Amino acid sequence: MAAETLRLLGAGARLNAIRILRTREQAILFTLTDFAWHSGAMLAPILVAIRFGHIGGWPVAAVVFMLAYGAVVASLMDAFGDSPWFLSQRIGRGQLDHALIQPQPLWRILLTDAFTPFDFWPVLTLGLALLTWSAVGLHVTASPGWLGLLAVNLLASIAVQTAFLYSWGCLAFWAPRGAEEISSAAARLVTQVSFPLDPVPRPLRAVLVTAVPSGLLSWLPARALLHLPGAGAADVWLTPLAAIALGGFALVLLRLGLRQYRRTGSMRYTDFGHRR
Amino acid sequence: MATAVELRGVRKSFRRRLRSATFAGLLRDVARPRREIVTALAGIDLTVEAGEMVAYAGPNGAGKSTTIKLLAGLLSPDAGTVRSLGVDPVRDRVRYVGKIGVVFGQRTELWWDHPVAATFAWRKTVWGIPDDVYRRSLSFARELLGLDPFWNASARELSLGQRMRADLALALVGEPRILFLDEPTIGLDVLVKQQVLEAIRTLNRERALTVMITSHDMPDLEQLRARIVLLNAGAIAFDGSFEELRRRLGDRRRLVLETDAAEAPALPGASHLRTEGTRHEYAFDAIVTPIPELLATAAARTHLVDVETHRAPIEDVIADLYRDWRGR
């Protein structure tokens with residue numbers, strides 16, 4: 001199963017490499033602007049933290065760690081392209097049919113067919129570099145156990161965002177046109193937080209780690225991994241647990257949605273439905 | 001001969017939401033949504049043997065594309081059974097779709113921003129096609145459909161005809177056992193259409209590939225010399241050869257008279273279609289009104305300069321049939 005997935009990721013990587021080599025100028029510009037956008041988004045909170053020495057009790061290095069963690073999550077998701085996350089567009093544009101006539105399980109197609117590993121490595125590199133720098137600055141003991149927990153939390157954050165996007169995206173199974181853009185709207189709703197959420201009122205914070213789980217994409221895992229004030233010993237497992245719960249919910253919706261799709265199919269095919 | 005496709009009592013209907021055109025009506029629709037049931041397939045039985053070519057035709061909304069989608073594993077029937085290559089296309093989707101080729105005329109399987117060649121290489125990986133089968137089928141498909149001139153062009157740069165040839169070739173890579181073609185000639189110019197149809201005939205004749213093709217273009221389907229299945233309102237209205245269909249519908253003919261008068265003479269047993277100058281065209285059924293009898297009547301009523309008779313185009317025959325169906 002893993003070998004087959006890697007083989008398909010390889011096929012996606014080849015397509016990505018071909019596209020970059022054929023459209024070199026565009027690809028370079030795209031990569032640079034993406035890098036500038038991500039760096040710029042990180043810079044503002046870092047400058048605020050430097051100016052005041054901390055944000056909400058978080059030292060500068062911890063703020064950098066949180067932002068770097070978020071950048072790694074975002075860049076890893078971007079490496080798989082838009083198509084796995086924007087399910088509603090696939091449904092609304094009649095594009096899911098492309099996936100269903102491929103002799104592969106749907107999850108593998110969604111995961112691999114827009115794999116673009118060469119576009120987003122600068123942001124990933126920046127995120128990893130800042131993650132390392134801030135961890136050293138905070139004197140974190142990077143034991144194998146801690147690194148394992150970091151990896152589990154990174155994967156859990158990705159899973160939380162995926163589950164959130166899929167839960168909303170599945171609405172398009174029942175309203176293909178009306179909900180075609182709902183995945184994009186959901187993606188705009190659940191964005192990385194730029195500042196630690198500790199000073200935020202408790203009820204709002206509760207919303208940001210449940211209904212709109214932006215807090216699970218960097219803030220809560222960073223606080224737990226760095227053992228900052230307010231973090232309990234078990235908090236490091238909160239994001240993975242949330243990922244399991246939300247993932248299960250999204251999976252049920254996806255199964256119901258696919259059953260609905262088998263009943264109704266896709267009634268239209270738009271110009272935006274070409275394979276890209 | 002083995003059975004390739006078997007549909008038994010297949011029913012499929014869709015719910016369509018009705019929407020008003022007025023503001024008050026739209027408000028009513030919000031409070032009390034109205035829906036109607038559209039029956040795409042009303043319990044059809046169909047068997048296609050391996051190596052057979054079946055032309056699947058019918059007016060818009062007859063259920064052609066729904067059948068192809070059922071057979072491609074994209075839809076489930078409401079009732080009845082769908083078996084293709086001995087399996088249920090939905091339940092055994094992953095295993096099954098690797099053995100079929102599907103082409104939808106109005107969409108493309110080519111990667112839009114990539115060279116045609118890249119999509120083929122991608123398909124080899126995703127379909128898990130062994131090297132020898134890939135080399136053999138690719139070389140055959142490239143030659144059959146003449147892909148070399150645009151092999152390295154991006155799909156977005158291709159003309160509609162080139163795109164369709166590439167899509168058809170893509171479906172052939174991996175040597176599928178059945179080819180489902182949904183409107184593959186839609187929008188193509190005459191030359192490309194001929195090339196695509198000839199390729200489909202070659203595949204069926206020389207490779208014994210089972211082909212199921214839908215089209216609105218009856219002359220295209222007649223040219224394939226396939227078994228024709230005509231659908232009407234979700235039911236099979238005819239299943240047989242084109243010759244049999246013509247026989248069943250009568251021997252519809254056209255008579256063109258060149259006379260010395262601008263007024264078309266009235267001919268009992270023939271209906272006047274059009275007049276251009278002194279040239280008058282009629283439609284008639286040669287079984288009901290024999291040609292010698294009609295010509296004798298014409299000669300008695302006007303001065304004939306020239307006479308032509310020919311079979312009515314299959315399109316006209318089918319159009320008459322569709323009109324009959326709608327009128328019922």
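**Notebook: helices of chain A, sheets of chain B**

I started with a pair of helices in chain A and saw that α3(A) passes α7(A) in a left-handed crossing. The rule I used calls a crossing left-handed if the near helix is turned anticlockwise from the far one by less than a right angle, and right-handed if clockwise.

Ground rules before going on. I am working on a predicted model, where local features need pLDDT of at least 70 and side-chain atom pairs count only at pLDDT 80 or more, while totals for chains, interfaces and linings use all residues. Residues are numbered from 1 along each chain as its sequence is written, and chains are lettered from A and ligands numbered from 1 in the order in which they are written. Helices (H or I, at least four residues) and strands (E, at least two) are DSSP runs, numbered from the N terminus.

**Entry 1: α3 and α7 of chain A**

I looked up the geometry next: helix α3 (residues 60-78) of chain A and helix α7 (residues 121-137) of chain A pack at about 155 degrees, with their axes 8 Å apart. That makes α3(A) roughly antiparallel to α7(A). My axes are lines fitted to C-alpha atoms, for helices over the stretch in contact, and angles run from 0 to 180 degrees between N-to-C directions. Angles under 35 degrees count as roughly parallel, over 145 as roughly antiparallel, 65 to 115 as roughly perpendicular and the rest as oblique.

Then I listed who touches whom, taking two residues as in contact if their C-beta atoms, placed from the backbone, lie within 7 Å. From α3(A) the contact includes Val64(A), Phe65(A), Ala68(A) and Val72(A), and from α7(A) it includes Leu124(A), Gly127(A), Leu131(A) and Ala135(A). Sorted by class, the α3(A)–α7(A) contact has 15 nonpolar, 4 polar and no charged residues. (Ala, Val, Leu, Ile, Met, Phe, Trp, Tyr, Cys and Pro count as nonpolar, Asp, Glu, Lys and Arg as charged, and the others, Gly among them, as polar.)

**Entry 2: the α2 side of α3**

I followed α3(A) to another partner, helix α2 (residues 24-52) of chain A; the two axes come within 9 Å and cross at roughly 165 degrees. α2(A) and α3(A) are therefore roughly antiparallel to each other, and their crossing is right-handed. Here His38(A), Met42(A), Pro45(A), Ile46(A), Ala49(A) and Ile50(A) of α2(A) meet Val60(A), Val63(A), Val64(A), Leu67(A) and Ala71(A) of α3(A).

**Entry 3: chain B in outline**

I noted 11 helices and 13 strands for chain B. Its C-alpha trace spans about 75 × 60 × 45 Å along the principal axes. Of its 328 residues, 38% count as buried, buried meaning 20 or more other C-beta atoms within 10 Å of the residue's own, exposed 12 or fewer, and partly exposed in between, with C-beta atoms placed from the backbone.

**Entry 4: two antiparallel sheets in chain B**

I traced a 3-stranded open sheet, β2-β1-β4 (chain B), with antiparallel pairing. Strands pair if DSSP finds at least two bridges between them. β2 (34-49) and β4 (79-84) of chain B are at the edges with a single partner strand each, so one side of each lacks a neighbour in the sheet. Strand β1 (residues 3-18) of chain B is joined to β2(B) by 13 bridges, and I found Arg17(B) opposite Arg35(B) in β2(B).

The other sheet has 4 strands, open and antiparallel, in the order β11-β12-β10-β13 (chain B). I put β11 (270-276) and β13 (304-311) of chain B down as its edge strands, and the twist averages 20 degrees from one strand to the next. Between strand β10 (residues 252-259) of chain B and β13(B) I got 7 bridges, with His310(B) in β13(B) as the bridge partner of Arg254(B). Helix α10 (residues 291-301) of chain B lies across β10, β11, β12 (279-285) and β13 of chain B, at about 155 degrees to β13(B).

**Entry 5: β6 of chain B**

How many residues of β6 (residues 178-182) of chain B are buried? I get 5 of the 5, so the strand is largely enclosed by the rest of the structure. Ile178(B), Phe180(B) and Asp182(B) point one way and Leu179(B) and Leu181(B) the other.

Strand β5 (residues 100-104) of chain B runs parallel to β6(B), joined by 5 bridges, and Ile100(B) stands opposite Ile178(B). Strand β7 (residues 210-214) of chain B is also parallel to β6(B), through 5 bridges, and there Met212(B) is the bridge partner of Phe180(B).
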